[in-house]
Amino acid sequence: MPLILLAVAEAEAGAGEHGHAKGAKEVDPGVHINAVQLVNGEAFRRDILADIRELTDEAKKQIVKKCHTCSQDFRNEWETRMIERMNASDCADIYVRVYERYFTAAELAELIALNQNQSPKRLGLSAPLKGKMSYVLLSITNETLRGCSQIVIKRANEIFAEIQRDHTESVRIPSKPDK
């Protein structure tokens with residue numbers, strides 16, 4: 001999980017400009033700029049990639065667990081393609097949308113400053129932001145994981161079908177039993 005915090009995923013269906021749900025209130029431009037700046041920070045991107053790797057590892061475990069007919073070659077090819085195709089940008093928009101909903105421009109500026117301070121004596125959060133984080137962090141974390149998981153699952157299924165189509169020797173899916 002990113003060190004600062006994680007974000008909420010809005011449903012992609014019905015998303016309008018900048019990925020906001022249709023009918024949602026307009027986002028303050030300052031909030032949007034700061035949310036994008038925070039998510040585009042190097043440390044934050046590194047943390048997003050770590051999350052994606054973790055979700056990909058979990059998806060691979062599910063393939064091993066549920067696809068007994070998938071060969072080791074299939075699993076290796078699937079993992080290689082997932083690693084090649086997943087990047088921080090895949091989840092970045094989710095984080096931006098969450099930050100826009102949960103934080104003000106000033107709060108985001110504080111998080112940016114905290115994220116950019118690389119000195120051994122890092123700046124701490126202000127008392128008001130620390131208090132806010134204490135009651136929203138768990139919800140934000142859960143919702144972010146859900147949003148990024150949806151992206152990983154979609155990509156995983158696309159790659160699974162692609163390999164199955166291109167390399168029939170790597171997986172033999174048994175026919176479904178008649179009901």
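Predicted model: local features only at pLDDT ≥ 70, side-chain atom pairs only at ≥ 80, totals over all residues.
Residues are numbered from 1 along each chain as its sequence is written, and side-chain values use heavy atoms, with hydrogens and water left out.

Let's start with helix 4, residues 89-102 (helices are DSSP runs of H or I, at least four residues, numbered from the N terminus). Of its 14 residues, 10 are buried, so the rest of the structure largely encloses helix 4; buried means under 20% relative accessible area, exposed over 50%, and partly exposed in between, with a 1.4 Å probe and protein chains only. Among the buried ones are Tyr95, Arg97 and Glu100.

Now look at Arg45, which sits in helix 2 (residues 42-66). Arg45 is buried but has no salt bridge, meaning a side-chain nitrogen of Lys or Arg within 4 Å of a carboxyl oxygen of Asp or Glu. The nearest side chain of opposite charge, Asp93, is 7.0 Å away (Lys and Arg count as positive, Asp and Glu as negative; His and the chain ends aren't counted).

Elsewhere, charges do pair up: the whole structure has 9 salt bridges. In one of them, Glu79 meets Lys60, with the closest N and O atoms 2.8 Å apart. Glu79 is in helix 3 and Lys60 in helix 2, so this pair ties together parts 19 residues apart in sequence. Lys60 is buried, at 17% relative accessible area, whereas Glu79 is partly exposed at 23%.

Key. Helix = DSSP H or I, 4+ residues; strand = E, 2+ residues; numbered from the N terminus. Expected span 1.5 Å × (residues − 1).
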